[in-house]
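Hi,

Here is the structure I promised to pass on. Have a look at it first, and my notes follow below.

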Amino acid sequence: SKFSHQMLAKDPRAEFLPEQYFLRQLRQEQRRTERSRNPFVLLLVEAPDVFGPTSDEERRAKLLSALTNSIRETDSVGWYAYGLTAGIIFTEVGTADRRSIGEKLLKKFEKLLDLVLGAVQARQVKLSFHIFPEDWSGGHSNRSGGSALYPELPVAGKAKEKSLAIKR
């Protein structure tokens, strides 16, 4: 079908980011949103049976490829939690009803999972979406430790410390 061909077409620009780089990209997008006030959506694809170390390598590669090739050039895809959860950052989503944007994305990716994994296995994958900022009305975002939008970021290396010292 047109949908399946479109979702699995190769896009040489797309890259599946390692966890450290994906989380850095997530933080960068949060900063950009705090300045511009343009929201973004984080879609999490939790699939330990597909992504885990004992899973079928071909099936894992097929799903990762499908996720990578289903995004726009301005979006990012990578490991939110290596071997457990993939994440996609959808930028430039506009300020329309954010809940409906998230629901549309969920439906799109439910169809993709059915296509790539089959209906039975697709039901074992947990999809969730998170809109940043979570709440504009209170004048601040919900920065609770349990929020998917605020994962533990890797400790900055010596190079980062040097660049900050130079900047100061």
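A definition to start with: a residue is called buried under 20% relative accessible area, exposed over 50%, and partly exposed in between, using a 1.4 Å probe and protein chains only. This is a predicted model, in which local features need pLDDT of at least 70 and side-chain atom pairs count only at pLDDT 80 or more, while totals for chains, interfaces and linings use all residues. Residues are numbered from 1 along each chain as its sequence is written, and side-chain values use heavy atoms, with hydrogens and water left out.

On confidence: pLDDT is the predictor's confidence in each residue, from 0 to 100. The protein chain has a mean pLDDT of 77, with 69% of its residues at 70 or more. The pLDDT is below 50 over residues 1-13, a stretch that has 19 contacts in the model beyond near neighbours in sequence (contact means heavy atoms within 4.5 Å). Residues 136-146 are also below 50, with 15 such contacts.

Now the fold. Helices (H or I, at least four residues) and strands (E, at least two) are DSSP runs numbered from the N terminus, and two strands pair if DSSP finds at least two bridges between them. Five strands make an open sheet with mixed pairing, in the order 1-3-4-2-5. Strand 1 (16-17) and strand 5 (126-132) are at the edges, each pairing on one side only. Strand 3 (residues 76-81) and strand 4 (residues 85-90) run antiparallel and are joined by five bridges; there, Trp79 stands opposite Ala86. Helix 2 (residues 19-36) packs on the sheet, where it touches strand 1, strand 2 (40-46), strand 3, strand 4 and strand 5, and its direction makes about 115° with that of strand 3. Helix 4 (residues 57-68) lies across strands 1, 2, 3 and 4, at about 135° to strand 3. These angles run from 0 to 180 degrees between N-to-C directions, with axes fitted to C-alpha atoms, for helices over the stretch in contact.

What about the aromatic residues? Rings of Phe, Tyr and Trp (its six-membered ring) pair if their centres lie within 6.5 Å; planes under 30 degrees apart are stacked, over 60 edge-to-face, and the rest tilted. The structure holds five aromatic pairs. Trp79 and Tyr82 form an edge-to-face pair, because their ring centres are 5.1 Å apart and their planes are at 65°. Trp79 is buried at 8% relative accessibility, whereas Tyr82 is exposed at 63%.

Thr85, in strand 4, is buried with a relative accessible area of 6%. Leaving aside neighbours within four places in sequence, Thr85 is in contact with Leu44, Val45, Glu46, Phe51, Trp79 and Tyr80.

Finally, the cores. A nonpolar core is a set of buried Ala, Val, Leu, Ile, Met, Phe, Trp, Tyr and Cys residues joined through side-chain atoms within 4.5 Å. The largest has 30 residues, and Phe51, Leu67, Phe90 and Phe109 have the most contacts inside it. Helix 5 gives the largest share of this core, eight residues. Beyond four places in sequence, Phe109 is in contact with Leu43, Leu67, Ser70, Ile88, Phe90 and Leu127. Another core lies apart from the largest one and has ten residues, among them Leu17, Phe40, Leu42 and Tyr80.

Best wishes
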